[in-house]
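Hi,

Here is the structure I promised to pass on. Please open it first, then read my notes below.

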Amino acid sequence: MNSFKPMLLTSLKSYDRAQFAKDVTAGIIVAIIALPLSIALVLASGASSAGF
């Protein structure tokens, strides 16, 4: 049986600063879209906003 190596460990060897910057940018864009969308869905559903 071959030795088990998680794919994360092998892919991190080629991970560089440029890729990290792209990933951070993508994460910020997703957060900018997802947060207002989730708030709008809560308001549209009529759920109470006691959790905010």
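**What I found**

Just after H2, Gly 46 has a positive phi of about 85 degrees. This is a predicted model: local features need pLDDT of at least 70, side-chain atom pairs count only at pLDDT 80 or more, and totals for chains, interfaces and linings use all residues. Residues are numbered from 1 along each chain as its sequence is written, and side-chain values use heavy atoms, with hydrogens and water left out.

The protein chain has two helices and zero strands (DSSP runs numbered from the N terminus: H or I of at least four residues for helices, E of at least two for strands). H2 has 29 residues. From first C-alpha to last, H2 reaches 41 Å, close to the expected 42 Å (1.5 Å times one less than its number of residues).

How much of the chain is buried? Of its 52 residues, 0% are buried (under 20% relative accessible area; exposed is over 50%, partly exposed in between, with a 1.4 Å probe and protein chains only). Ile 32 lies in helix H2. Ile 32 counts as exposed because its relative accessibility is 58%.

Ile 32 also belongs to a nonpolar surface patch of about 880 Å². Other members include Leu 8, Tyr 15 and Phe 20. Helix H1 (7-12) and helix H2 (17-45) each give two or more residues to the patch. H2 gives the largest share, six residues. Areas come from the Shrake-Rupley method with a 1.4 Å probe; for residues, only the protein chains shown count as cover.

Best wishes

How values were computed: Patch = residues over 30% accessible without salt bridge, like charges linked within 9 Å, V, L, I, M, F, W, Y side chains within 5 Å. Salt bridge = Lys/Arg side-chain N within 4 Å of Asp/Glu carboxyl O.
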